[in-house]
Amino acid sequence: MDPIRNPYAPGAGQRPPELAGRDEQLAAFDVVLERVAKGRPERSLVLTGLRGVGKTVLLNALRGTAVRKGWGTGKLEARPGQGLRRPLSSALHQAVRELGRSDEESVDHVLGVLRSFAQRDAGAGAKLKDQWSPGIDVPAVRGRADSGDIEIDLVELFTDLGGLAAEVGKGVAVFIDEMQDLGPDDVSALCAACHELSQTGLPVIVVGAGLPHLPAVLSASKSYSERLFRYQRIDRLTREAADRALEAPAADEDAAYEPDALAAMYAATGGYPYFIQAYGKAVWDLAPRSPITAADVAVAAPEAESELAVGFFGSRYERATPGERDYLMAMADVAATQAAEGSEAAADVDGGAVLSADVAAALGKKPQSLSPARDSLLKKGLVYSGERGRIAFTVPHFGRYLRERG
């Protein structure tokens, strides 16, 4: 089939042609925006899930919804070891610009507070040439959001920002991807600021996205975070939604799938959105004609798997040291054994959590001696720990990839 007309998009964070299976989240967010705009109490939102389930795509779609309603929005991606001030300042500067101009004095005040907040990143004694601001040309407001305590400063900044949004009659939404990579102090400050907003009713919300253990990260910072956010787990698509993700784009190009082909695609992809796009692209390019058949899927499967092995799995595997790779392989073997034995500890051969002690036993070592490798894999985002003593892959089907690699 014509590769130029191929509708599928297997890119990181790239919106697929059909955002299937997320109608519930989009509708719920519409309600949140309307309630906040009317001054009704509402919680900020946190999306969690494995890599490849479409969290970033959904985060961008939610932001698009806020933009269409006239809200000011800003987005940032958290990174390990990076402080919150700079990326958040840039995101909020964009949000203020999107709000539009109302009272010039009020806007300048908030921008001045934002500049004060940003410049604390360089430290209290930094020279003027070392200070940084996100392109703001108004003077910094002294004595507001510049204490150096990120929790105090963020509460003050969000309060002033919310006041401006209320004056304009709109709202502000901050979108944070990879939220689990925020430092402990920044997480604590963000929770405190959201807590203050929930009590004052100001029209500012935070929408975060991260790995499955993000709720535990937030809870460890502030106990009330369990009630502070609305948590939504983003998972693989149902069979119906997966079929729609394939059929709708194909129909736009006057193509179709046979029922057996759709069944084969779901079996191969497990319903994970990124895999659906990768397989869809490969099958389209190699299928001779429409309708696409199960035989076409079988022919294209090696091409799709090769692409995933390099771009999705391989890039992550290469980040691990030899000792860390041994740990990952042991995890894959333990998960496979648990699945074969029907253990409830492994939800499936690729997605289930395993005991750290079992991984150590498989390697013939004491658990304490493997702590450095485990901690390094956690920091690299290759594994996560949803509960004490257990470990799981952040990437679906990673265990299968490791076992096939040998």
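Over which residues does pLDDT stay under 50, and how many contacts beyond four places in sequence does the model have for them? The stretch is residues 344–350, for which there are 21 such contacts. The structure is a predicted model, and its average pLDDT is 90. A score of at least 70 is reached by 94% of the residues. Where pLDDT is low, the predicted coordinates should not be read in detail.

**An open sheet**

Three strands build an open sheet in the order β6-β8-β7, with antiparallel pairing. Its edge strands are β6 (354–355) and β7 (383–384), each of which pairs on one side only. Between β6 and strand β8 (residues 390–393) there are 2 bridges, and these two strands run antiparallel. Within this part of the sheet, V354 stands opposite I391 in β8. In general, strands of a sheet pair through backbone hydrogen bonds, either parallel or antiparallel.

**Cysteines**

A disulfide is a covalent bond between the sulfur atoms of two cysteines. A search of the whole structure finds 0 disulfides. C191 is in no disulfide, and the cysteine sulfur nearest to its own belongs to C194, 6.8 Å away. Likewise, C194 is in no disulfide; for this residue the nearest cysteine sulfur is that of C191, at 6.8 Å. Because a disulfide requires two cysteine sulfur atoms within 2.5 Å, the separation of 6.8 Å leaves C191 without such a bond.

The table sets out the accessibility of the two residues.

| Cysteine | Relative accessible area | Class |
|---|---|---|
| C191 | 0% | buried |
| C194 | 5% | buried |

Both classes follow from the cut-off, since buried means under 20% relative accessible area. C191 therefore counts as buried at 0%, and C194 counts as buried at 5%.

**Cavities**

How many cavities of 30 Å³ or more does the model contain? The count comes to 2. The largest cavity has a volume of about 140 Å³. Its lining consists of 14 residues, and those lying nearest the centre of the cavity are E42, L197, S198, L202 and V204.

Which elements each supply at least two residues of this lining? They are helix α6 (184–200) and strand β4 (204–210). The largest share of the lining of the largest cavity comes from α6, with 3 residues.

Terms used
Residues numbered from 1 in each chain as written. Predicted model: local features only at pLDDT ≥ 70, side-chain atom pairs only at ≥ 80, totals over all residues. Heavy atoms only, no water. pLDDT = per-residue confidence, 0-100. Contact = heavy atoms within 4.5 Å. Pairing = 2+ DSSP bridges. Helix = DSSP H or I, 4+ residues; strand = E, 2+ residues; numbered from the N terminus. Buried < 20%, exposed > 50% of the residue type's maximum accessible area, 1.4 Å probe, protein only. 1 Å grid on protein atoms, 1.4 Å probe; cavity = no way out; pocket = protein on both sides within 12 Å on 5 of 7 lines; lining within 4 Å. Points joined across faces, edges and corners; volume = space filled by probe spheres on them.
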